[in-house]
Amino acid sequence: MADNSTQEDFKRVAFVTGASRGIGRAIAKRLANENRHVVLVSRTESPLNDLAHEIEQAGGSASVRAVDVGDGEALAGAIESAVKELGRLDILVNNAGITRDNLVLRMSDEEFDDVIRVNLRSVFVAIRAAARPMMKGRFGRIVNIASTSGLVGNAGQANYAASKAGLVGLTRTIARELGSKGVTANVIAPGFIETDMTANLPDQVKDGVKAMMALRRLGTPEDIAAAVAYVSAEDAGFLTGQVIAVDGGLTMC
Ligand code: NAI
């Protein structure tokens, strides 16, 4: 495991969206374990308070911001207030995401726009707010959680796949714009991971997906958290603009 201890006497601060459950929760716990102070972000406060308590019981530190990431002003305000309170921002994990699946012929403008607003526009807003404090610290790790749907497409997910593919172009542009300031930006693209988002898929669909995967199993939130820990590590400063598919060998692209 990477050595994440810093020379100075401070903790790196990580801002993790969608931290109330699933992949975001696992990411928050993993980063807290790696001695980061974690700002837990999601729409409702009580699961975040429970998680903050759990992290503190385990010897870590966390704070909570209840924000709808689809509300750009509120999201930027949460980042600004975290920087004010904690004095720095080092790691931004844009994980919050939604699906509104439908075949393209039936998909409404609203279904398309909602997904783009929550999954893509929010990430642009968060990066814009986080860039200045990261540049000031001459250190930053931006990690955007996309999806293999955004790399290879997925029937019924025109909105979702477009939002996740958009993250790839956004991330690579940010990597180029901020690289000289010590800020990296990378995409983690999960395959099928066992969370609430995939809980309602019929077993038949899950079995079909497993058969296409080299590892023949669905992923866990911890599988994704491990990849986020890797790209946000202290010594990952030469890794930027990359898309890492963590998908059990589903796409290999
Ligand atoms: P989930 O549905 O279990 O959790 C999503 C989290 O995002 C929750 O904490 C939820 O409260 C939060 N969230 C949703 N909309 C929000 C909003 N408007 N404002 C603030 N918070 C909001 O989802 P899961 O599975 O943990 O997914 C996390 C990320 O991973 C998403 O971006 C998803 O697209 C991506 N992903 C998931 C895969 C899977 O198989 N579960 C596969 C590929 C990507």
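Which residues of helix 9 are buried? In this predicted model, where residues are numbered from 1 along each chain as its sequence is written, the answer is Pro 221, Ile 224, Ala 225, Ala 227, Val 228, Ala 229 and Val 231. Here, buried means under 20% relative accessible area, exposed means over 50%, and partly exposed lies in between, with a 1.4 Å probe and protein chains only. Helices (H or I, at least four residues) and strands (E, at least two) are DSSP runs, numbered from the N terminus. Local features need pLDDT of at least 70 and side-chain atom pairs count only at pLDDT 80 or more, while totals for chains, interfaces and linings use all residues, and side-chain values use heavy atoms, with hydrogens and water left out.

The buried residues of helix 9 pack against helix 1, strand 4, strand 5, strand 6 (183-190) and strand 7 (243-246). Helix 1 (residues 22-33) deserves a look of its own. Its axis and that of helix 9 (residues 221-231) come within 8 Å and cross at roughly 50°; axes are lines fitted to C-alpha atoms, for helices over the stretch in contact, and angles run from 0 to 180 degrees between N-to-C directions. That makes helix 1 oblique to helix 9, given that angles under 35 degrees count as roughly parallel, over 145 as roughly antiparallel, 65 to 115 as roughly perpendicular and the rest as oblique. On the helix 1 side, the contact (heavy atoms within 4.5 Å) is made by Gly 22, Ile 23, Ala 26, Ile 27, Arg 30 and Leu 31, and on the helix 9 side by Pro 221, Glu 222, Ile 224, Ala 225, Ala 226, Val 228 and Ala 229. These residues divide into 10 nonpolar, one polar and two charged, where Ala, Val, Leu, Ile, Met, Phe, Trp, Tyr, Cys and Pro count as nonpolar, Asp, Glu, Lys and Arg as charged, and the others, Gly among them, as polar.

By class, the contact of helix 4 with helix 6 has 16 nonpolar, four polar and two charged residues.

Turning to charged pairs, a search of the whole structure finds 12 salt bridges, each being a side-chain nitrogen of Lys or Arg within 4 Å of a carboxyl oxygen of Asp or Glu. In one of them, Asp 196 meets Arg 21 at 3.3 Å, N to O. Asp 196 lies in helix 7 (residues 196-199) and Arg 21 in the loop between strand 1 (13-17) and helix 1, so this pair ties together parts that are 175 residues apart in sequence. Lys 29 and Glu 54 also form a salt bridge, at 2.8 Å, N to O; Lys 29 is in helix 1 and Glu 54 in helix 2 (residues 45-57), 25 residues apart. Lys 29 is partly exposed at 33% relative accessible area, and Glu 54 is partly exposed at 32%. Arg 65 pairs with Glu 85, with the closest N and O atoms 2.7 Å apart. Arg 65 belongs to strand 3 (residues 61-66) and Glu 85 to helix 3, so the pair joins parts that are 20 residues apart in sequence. At 14% relative accessibility, Arg 65 counts as buried. Salt bridges that share partners join Arg 12, Arg 36, Arg 88, Asp 90 and Glu 234 into one network.

Some loop residues are also buried. Leu 89 sits in the loop between helix 3 (72-86) and strand 4 (91-94), and counts as buried at 3% relative accessibility. Beyond its neighbours within four places in sequence, Leu 89 is in contact with Val 13, Phe 15, Ile 79, Val 83, Ala 130, Pro 133, Met 134 and Phe 139. Thr 148, in the loop between strand 5 (140-145) and helix 5 (149-152), is buried at 5% relative accessibility.

Finally, there is the backbone. Most residues other than glycine have a negative phi. Arg 138, however, has a positive phi of about 50° although it is not a glycine; Arg 138 lies in the loop between helix 4 and strand 5 and is exposed, with a relative accessible area of 54%.
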